[in-house]
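The sequence and coordinates come first.

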Amino acid sequence: MTASGTGPAHLEVRELVVSFGGVRAVDGVSLELSPGEVLALVGANGSGKTTLLDAISGLVTPAAGHVVLDGENVDDLLPEERAAVGLVRSFQDARLFPELTVEDTLLLSEDGRNPSDVVSITFRLPWARRSERAKRADIDDVIGSFRLGAFRHRRIGQLSTGTRRVVDLASIALARPRLLLLDEPTAGIAQREAEAFVPLLRRLQQMTGCTVLLVEHDVPLAFELCDRAVVMATGAVVSVGPPDVVRHDPRALEAYLGASEEVLRASGPLAPAQPAGGLAGP
Ligand SMILES: Nc1ncnc2c1ncn2[C@@H]1O[C@H](COP(=O)(O)OP(=O)(O)OP(=O)(O)O)[C@@H](O)[C@H]1O
Ligand SMILES: [Mg+2]
């Protein structure tokens with residue numbers, strides 16, 4: 001199928017419905033992401049954001065609708081088959097093994113993408129040695145890019161939540177996604193640390209060049225990173241467009257952005273509570 005191609009993926013979600021008993025967690029959502037686009041998805045707790053990502057990655061089966069990757073319907077593909085064509089999914093609670101070191105975690109991610117067979121490694125065939133060297137070089141590269149040098153030999157369980165999340169992003173970079181679904185990469189970390197994620201997420205997108213669907217509670221962060229934003233409420237899309245349009249859309253304000261003065265104020269181009277950044281440009 002063409003979805004196994006290279007480069008950023010094109011994603012289309014058509015009239016997707018996911019029901020849990022009587023609850024329509026996703027209620028007829030249609031979305032389209034162009035190759036390389038960053039789309040931010042925001043909305044209140046329980047509005048269906050994670051369920052939408054689950055349906056796109058194949059973890060839940062929709063009651064209706066379609067997921068189309070590079071023009072091919074992937075409704076019948078298992079999550080691992082979708083992963084094999086470049087769909088990478090991160091979770092709200094960064095699922096990493098606490099006993100592994102940062103380096104081993106990254107090696108595992110690299111192996112998942114590009115497994116060397118056991119026979120070649122055991123007999124130290126030249127190409128296998130070369131590919132081991134290439135893997136090490138890739139890992140050195142992401143450790144440098146994500147500033148993880150000091151943590152290389154530390155166990156995941158010893159790291160702060162923020163650093164664990166950076167390791168998660170570094171693993172994602174090694175997985176070479178074509179379509180990346182990020183579920184609240186800054187969940188559970190302090191505001192100051194969250195701000196440091198803007199350049200990291202940018203670097204991740206630049207390194208992989210992939211298409212990104214970013215679910216994020218931190219509206220200013222999401223709006224700063226995205227090309228377009230989507231607001232969901234009770235399973236449905238209520239507003240979609242460039243962040244500057246969505247932030248003034250009465251439907252978005254009513255559904256979510258206006259719910260809190262804080263969210264509304266902070267989602268502006270320059271939050272007045274943070275004057276240290278100086279004057280914003282035009
Ligand atoms: N496995 C499940 N079984 C039953 N109901 C579920 C299940 N998963 C989600 N729901 C319900 O579906 C709705 C959407 O939940 P979902 O987790 O997708 O929201 P969300 O927007 O990701 O919320 P949050 O911002 O809190 O992460 C909620 O009403 C939730 O209770
Ligand atoms: Mg969620």
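Which residue in strand 8 stands opposite Leu-182? Leu-182 faces Leu-214 there.

## Basis

This is a predicted model, in which local features need pLDDT of at least 70 and side-chain atom pairs count only at pLDDT 80 or more, while totals for chains, interfaces and linings use all residues. Residues are numbered from 1 along each chain as its sequence is written, and chains are lettered from A and ligands numbered from 1 in the order in which they are written.

## Overall content

The protein has 12 helices and 10 strands; helices (H or I, at least four residues) and strands (E, at least two) are DSSP runs, numbered from the N terminus. Of its 282 residues, 40% are buried, meaning that 20 or more other C-beta atoms, placed from the backbone, lie within 10 Å of the residue's own.

An open sheet is built from six strands in the order 6-7-8-3-9-10, with mixed pairing; two strands pair if DSSP finds at least two bridges between them. Strand 6 (87–89) and strand 10 (236–241) are the edges, each pairing on one side only.

Strand 7 (residues 179–183) and strand 8 (residues 211–215) run parallel and are joined by five bridges.

## Helix 6

Helix 6 spans residues 161–174 and contains 14 residues. Because 12 of these 14 residues are buried, helix 6 is largely enclosed by the rest of the structure. Among the buried residues are Arg-164, Arg-165 and Asp-168. After helix 6 comes Arg-176, with a positive phi near 50°.

Definitions and conventions. Expected span 1.5 Å × (residues − 1).
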